[in-house]
Amino acid sequence: MNDIKFSRRSLVKAAALAGVAQVASPFVLTARAADNVKIGLDNPLTGTYAAVGKNELIGCQLAIEQINAKGGILGRKAELLVEDSTSGDAGTAVQKARKLIDRDKIDFLLGNVNSALALAMAGVAAEKGVLHIVPGGHTDAITGATCHWNVFRVCNTTQMEANAVTPSLIKNAGKKWYYITPDYAFGHTLQAGLEKACAKNGGTKVGGDLTPLGTTDFSSYLIKAQAANPDVIIFLTQGDDMVNALKQAVQFGLDKKVHLAGAQQELEALEGLPPEARIGTWVFEWYWNQPGVPHVAEFVAEIKKKTGRVPTARTWFGFASTWTCALAANGAKSLKAVDMAKHLQDFHLPPEIALMPDGAFYRKGQNQLIPNLYVGHAQAKGSAPDDLFKVTDVVKGPDAAGTLEESGCKMTWPA
Amino acid sequence: MTQVVLFNVFNGLIVGAFYALMALGLSLIMNLSGVINFAHGGFLAIGGYLAFTLMPYVGFWGGLVLAPILTAVLGLIVERVLVRRLYGRDPLYSLLLTFGLAFMFEDGTRFIWGAQSLPYQVPGWLLSPLSSDYFFLTGYRLFMVVIVALAVAGLFYILNRTRLGMRIRAGTLDLETVSVLGVNVRVLRNMNFGLGIYLAGLAGVLAVGQLGLQPTIGSSLIMPSFVAIIVGGLGSLPGTLLGGLLIGVASGVTTVFFPSATEAVMYVMMAAVLLVRPRGLLGEEGRF
């Protein structure tokens, strides 16, 4: 009897185990995961760009939740796979991109904050024919000289930012400009763009320094800049470097002698500055405080619910990039990169994704999003604790973007 | 032009004084225990973050006093629990340990305080430049130099005038003999490590007054300190001080002529010293 009892128990146990195995076995899981449409985000989570990279991630996550709540991509669930590209190592970023494409079989590639890494990833995406969207890497080449049919960009080109801010800077601050520029792709093209725009508006360059990425002490550059006697010192540093440079410039009292300004400024950097250092004329690429623009308040509320803080331009980049994937696939009714890329030519983002007064569209033949740009100045205190920027001028994208020929993009499509 | 160069020499001395403060702590630990503390920058960052966290309760001055002490306590614990086990082994072991700790500290601060820069504020009266012509001489930077001078003076006083200092110096020369003479080497090393980390914490609090408070602050400041030690000479604290000042001035002056090489010039100096005088400017023969 005992023997029978024993074996019956064993049988029950084995059955239970088999049942568990049905649900939990890796095979079943992979089979299910394969049904998902995969979006691979290869972006910095550590290093200088960790803060902005994480905000882009939050935007992506919110978009994924919304996409799935609205029926997914082609009726399948959207899934976000995240890799840390590091902030400055192109080798790591490329290796992670290859891993996402080859091993995880992603349908879309997103990234990178760092322009050089974004360029390197675009190379991989072009080789593999995967639809690649660059949320926040600004160097012109991505949708310019080295553009690809399958690589799209949400944030502005450096030339667009330069064109947007230059007229008001020349008018309000003066014509002699001195540049403090980070020594890598983004800084070089941004400075070149500003020099071009400045000359067009009658200004001149009185000097400039290239600073190594990750510079902590800017005092020696500031001494040199001051000696050149400019009207404006243009800070093109980003992230932590921007915080260090501005903090020191204000401690030196330079804000009382010359105008401190720049092209791209981010809420992340202003939040890291003490109130007295929140100064200068800048471009924001998206801003949360846009009274009267439809759907912005809902987006701000949803992000606040997730993180307790207002969204930044980075959050919006991640959000718009991820939604672009879903809109491209659902619109083209296909996950084939060529079909989706064709569908996105001159594609206007719907207002609840664009979240801007004049909307935003991917320009045909360049794959560059043409959005509004927000020119204004940083402020120590605004209407709310997070209101650190006063928008004075909303520039229309086509006015800042220049012509398609000027972008230098000559796109070739696969036969 | 001459004025810009002179300004930059002077400014370089200020920056160098700060490098020296970091490097002294590092040097102290390396000399007595043979541990190359890669986590020094991590301790520095923690010092800064602690000062930021304490500020609402104890103010700027309270933070300046308390944060380095708390960092030193953390240093004592790390030495007791982790570093101590690796004394007497190949220095590579402790190097790997502290290298790993550096990553843990950086990610730990990111986890606790977030990846974004935090606005650390020093008292307003310290912020303005003292004169309009010498605008790089702000109250805060002079204050930093004074604190560094006091810390260096205090350190040299401890080393030369107190029993603990005498033992540390003796131990640096010949740890075995010191131990045979009845000195508790474990406690000695522990106190020495704590003292070194105290200097890191102090450097951290001072740094965040003029730099952004962010998790990467430690890793971006650690390399100049290593270079300062190698240029100045292993085993010599005055050498470390000299090394710090020299690289500060060198990178300041380089800005005038070749701005994108301000960082590279430190390593060029280090390479030159290693080729011509491998023990460093004031270093002893035969260490490491």
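Reader: In which sense do E10(A) and strand E13 (residues 373-378) of chain A pair, and over how many bridges?

Author: Good place to start! Two strands pair if DSSP finds at least two bridges between them. E10(A) and E13(A) pair in the antiparallel sense, over four bridges. One bridge joins A:Phe284 to A:Tyr374 in E13(A). This is a predicted model, in which local features need pLDDT of at least 70, side-chain atom pairs count only at pLDDT 80 or more, and totals for chains, interfaces and linings use all residues. Residues are numbered from 1 along each chain as its sequence is written, while chains are lettered from A and ligands numbered from 1 in the order in which they are written.

Reader: With which residue of E10(A) does A:Ala261 stand opposite?

Author: A:Ala261 stands opposite A:Thr281. Strand E9 (residues 259-264) of chain A pairs with E10(A) in the parallel sense, over two bridges.

Reader: Which way do the residues of strand E10 (residues 281-284) of chain A point, and are they buried or exposed?

Author: In a regular strand the side chains alternate between the two faces of the sheet. In E10(A), A:Thr281 and A:Val283 point one way, A:Trp282 and A:Phe284 the other way, and all are buried. A residue is buried if 20 or more other C-beta atoms, placed from the backbone, lie within 10 Å of its own, exposed if 12 or fewer, and partly exposed in between.

Reader: Why does A:Leu80 count as buried?

Author: A:Leu80 counts as buried because it has 21 C-beta neighbours inside 10 Å. A:Leu80 sits in strand E2 (residues 78-84) of chain A. Contact means that the C-beta atoms of two residues, placed from the backbone, lie within 7 Å. Leaving aside residues up to four places away in sequence, A:Leu80 touches A:Ile39, A:Leu41, A:Cys60, A:Gln61 and A:Ile64.

Reader: How is chain A divided into domains?

Author: Domain bounds come from an automatic or database domain assignment. Chain A has domain 1 (25-156 + 292-370) and domain 2 (159-284). Their C-alpha centres lie 29 Å apart, and 16 residues of domain 1 are in contact with 16 residues of domain 2.

Reader: How many residues does the contact take from chain A and from chain B?

Author: The contact takes 33 residues from chain A and 35 residues from chain B. On the chain A side, H8(A) gives the largest share, seven residues.
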